[in-house]
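Please read the numbered points with the structure open.

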Amino acid sequence: MRKVAVVGAGLTRFMRRAQETGPELAWLAASQALESCGLGLKDVDSVAIGSAPDAFDGVHMKGEYLAPGAGGWGRPVTRPYAGGGTGVLMPIHAWLHVASGMFDVCLVVAEEKMSTCHPHPQGAFVTIFDNILERPLEPNLIWIFALEMRRYMETYGITKEEIALVSVKNKRNGLDHPSTHVAEEITVKDVVESEVMVAPVNRLDVSPVSDGAAAIVIASEEVARRITDKPVWIDGIGWNLDTAYWTNRDLAYPAYVERAARMAYKMAGITEPRKQINVVEPYDPFSYKELHHLEGLLLADKGQAAKITADGVTQRNGNMPVCPSGGLLGVGNPIAAAGLMKVAEIFWQLRGEAGRRQVPGQPKVGLAQAWGDLMQVGTVVVMRVD
Amino acid sequence: MNMKEQPSGSLPGTPLSDEAVQKGNVLTLEWPSSLRYAWDTGVAVGRFLQELKEGRIIGRRCHRCRRVLVPPRMFCERCFRPTDSWQMVEDSGTVNTFSESHLRWDASRIEEPILVAVIGIDGSSEGGLLHYLGEMKPGEMRIGMKVKAVWKPAEERQGSILDIRYFRPFDRSTQDRPA
Amino acid sequence: MGSTEHIERVTDLRAWPGDFPVSHLYTLGIAGERFLRELKDSGRFMGTRCAACEQVYVPPSMFCPRCFAALEEWTEVGPQGVVRAVSTAHRSVSGGALEPPDTLALIQLDGASSLLVHRIGESDGVSIGAKVEPVLKDADQRQGSILDIRHFRPV
């Protein structure tokens, strides 16, 4: 199959509430992405739109609603969906568009406007639970994170303080990200003493809901080489879904992330991920998730991600920088756009264009991963620059 | 503590404060949702609810992978075939994981935390149900602790997961018997 | 072979009632805000022009969906317009009778390329091609809503 590259990227600010409508946010990111690689809308062959549940923006058929702002007028448009995993499912999907030979340029746009949902976007998540056997218990979304975090902590003997280091790192990294609305300098003590939401999850363990959009441009090798001297190749893609019967799974380990990672590594020819991957953007909606996902990505032994974090390995100047962007904790979480933001970050890191966030050492291979649904989906891309 | 010196002006987007919205500095449109649903319970959950009304928990067995599934379903998602038989299980179990919630479903705060757990029901395979824990303090919850359902009295049961009020600590040595 | 049990009797069917417990507070967007403010404050209709595509969008858009250009040229349109499509609804959303029936039309305001949806009032019926004019609420009653227009009526 043809080689496929990311050639451009664009982001809006991430905000607690944007004045812009969804299509306007989409256009702001999409036009920026096209401009960044000198392409116009006329050069776009197909469009892939990513957005998490319609319930947040409060519009039915959100893909169609966003389409005019995502360049979808009169073009083939698809909207793949995997909850929080959507942001990385998008480049996977766009890869299929282009590698198949059907299209040369695919514009990928992810948008979320969570502020629309009242009284709080968490309320929309109530429908993630089983309607008949779980909703009557009036669960809050954070229950499943808390239950997973507890299982993870107890299975491997990890403390809240160790997990809090992720919030500290990412919120500090986020200070250098122009999209951020939540970055700050905090300490482990701040995290463990912040308001308990659903134990063991404290307020500073959680990324905030946000409005925002992200876009990337994906092109065939021929087009990529023509318009840029630094195409970022999509070398490996992987995705995997676990059962919705979440109470029948051991939440201590995200097996579906491992399966997605293995799929991507095999395709990319990665046999020693810890050595061969230079920069990582795993999905970090909660502090412990970064650790959970690093293990699922086989980048740390089970139960050991906390240790490598404490050892500084995952700092920007460490051996394996993790979330140099600041991640969701440090930048914000407009669900689908957050995942695509990570892909954009790897794009910029591998091209040496990440400014103050740039990890040293001229990274050549990067990985972005997203996760979502009912603790179910792993989506992984491995990217490489020549 | 807050270093707001990030170069956030360089990217597009117009943030709005809550105040701007409340004071009407920007126009908004409020729309209530009036979506109501009637979800078919299906064969498996229909029977499950019926048994709950009787004070019992029922599962479904797949003979191929030999799992007893709670909640029951008519298909085995692993073997991708119909499940084979009904299997009554215990109303006791083991806590797989637990938590203490200070938030309601809509993110508003509550004073008395709600204790919740995923409970592996005795007689089923691989975990089972999300439910409340009761008759214990938050600090007493443990992964691996044995718990037992506390049922509503028969005349109050309706065929709902709430026919079980919560699960309480279960000490086999005191010879608790299933309801 | 696993058993495939079915529900045989309709009386054995069970449904679990529930709802979707959220509401939504929409912002109007950059373009939408200006459109409805102009309507509220000045009682006039505005659109945005894309010179390259020779389009005037009403309701206005901050970007051209055809060529993706940023649209900065605002222009007044209407207030009169032409009916391009019309239909009368006799049933409400929930299926009951609508009394009186509701007539909706797609209206091309003078100078606009795209169409606005609104009600037709003060009329026994309009045809496609009919010229119409808006009936606005009084200025002090307008709120910055599409309902600041009561309806369109034949000229």
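1. V280(A) stands opposite L367(A), a residue of β11(A). The strand that pairs with β11(A) here is β10, residues 279-281 of chain A; the pairing is parallel and runs over three bridges. The model is a predicted one, and this should be kept in mind for every point that follows.

2. On its other pairing, β11(A) is joined by eight bridges to strand β12, residues 377-385 of chain A, and these two run antiparallel. Within this pair, Q369(A) is opposite V380(A) of β12(A). The two strands make a hairpin with four residues between them. In the turn, D373(A) has a positive phi of about 60°.

3. Is strand β11(A) enclosed by the structure or open? Eight of the eight residues of β11(A), residues 365-372, are buried, so the strand is largely enclosed by the rest of the structure. V365(A), L367(A), Q369(A) and W371(A) point one way from the strand. G366(A), A368(A), A370(A) and G372(A) point the other way, and the residues of both sets are all buried.

4. Two helices of chain A deserve a look. Helix α7 (residues 160-173) packs against helix α12 (residues 287-296) at an angle of about 100°, and their axes are 7 Å apart. That angle makes α7(A) roughly perpendicular to α12(A). From α7(A), the residues that meet the other helix are I163(A), A164(A), V166(A) and S167(A). From α12(A), they are S287(A), Y288(A), E290(A) and L291(A). The residues of this contact divide into five nonpolar, two polar and one charged.

5. H177(A) sits in the loop between α7 and α8 of chain A. Why does H177(A) count as buried? It has 29 C-beta neighbours inside 10 Å, and a residue is buried if 20 or more lie within that distance. Between H177(A) and Y256(A) there are 79 residues of separation in sequence and 30 Å in space, C-alpha to C-alpha.

6. S194(A) also belongs to a loop, the one between α8 (188-193) and β6 (196-199) of chain A. With 17 C-beta neighbours inside 10 Å, S194(A) counts as partly exposed. Leaving aside residues up to four places away in sequence, S194(A) touches N202(A), R203(A) and L204(A). The C-alpha atom of S194(A) is 6.2 Å from that of L204(A), with the two residues 10 apart along the chain.

7. The bridge partner of A199(A) in β8(B) is E100(B).

8. How many residues of chain A are in contact with chain B? There are 53 on the side of chain A, against 46 residues of chain B. On the side of chain A, two or more residues come from each of α5 (121-124), α6 (142-156) and β6.

9. β1(B) and strand β2 (residues 23-27) of chain C run antiparallel and are joined by four bridges. T28(B) has T27(C) as its bridge partner in β2(C).

10. The last point is helix α1 of chain C, residues 29-42. It has 14 residues and reaches 19 Å from its first C-alpha to its last, close to the 20 Å expected at 1.5 Å a residue. Its buried residues are G29(C), A31(C), G32(C), E33(C), F35(C), L36(C) and L39(C). These pack against α1 (22-36) of chain A together with β2 and β3 (45-50) of chain C. After the helix comes G43(C), whose phi is positive, near 65°.

Definitions and conventions. Residues are numbered from 1 along each chain as its sequence is written. Chains are lettered from A and ligands numbered from 1 in the order in which they are written. This is a predicted model: local features need pLDDT of at least 70, side-chain atom pairs count only at pLDDT 80 or more; totals for chains, interfaces and linings use all residues. A residue is buried if 20 or more other C-beta atoms lie within 10 Å of its own, exposed if 12 or fewer, and partly exposed in between; C-beta atoms are placed from the backbone. Two residues are in contact if their C-beta atoms, placed from the backbone, lie within 7 Å. Axes are lines fitted to C-alpha atoms, for helices over the stretch in contact, and angles run from 0 to 180 degrees between N-to-C directions. Angles under 35 degrees count as roughly parallel, over 145 as roughly antiparallel, 65 to 115 as roughly perpendicular and the rest as oblique. Ala, Val, Leu, Ile, Met, Phe, Trp, Tyr, Cys and Pro count as nonpolar, Asp, Glu, Lys and Arg as charged, and the others, Gly among them, as polar. Two strands pair if DSSP finds at least two bridges between them. The expected span of a helix is 1.5 Å times one less than its number of residues.
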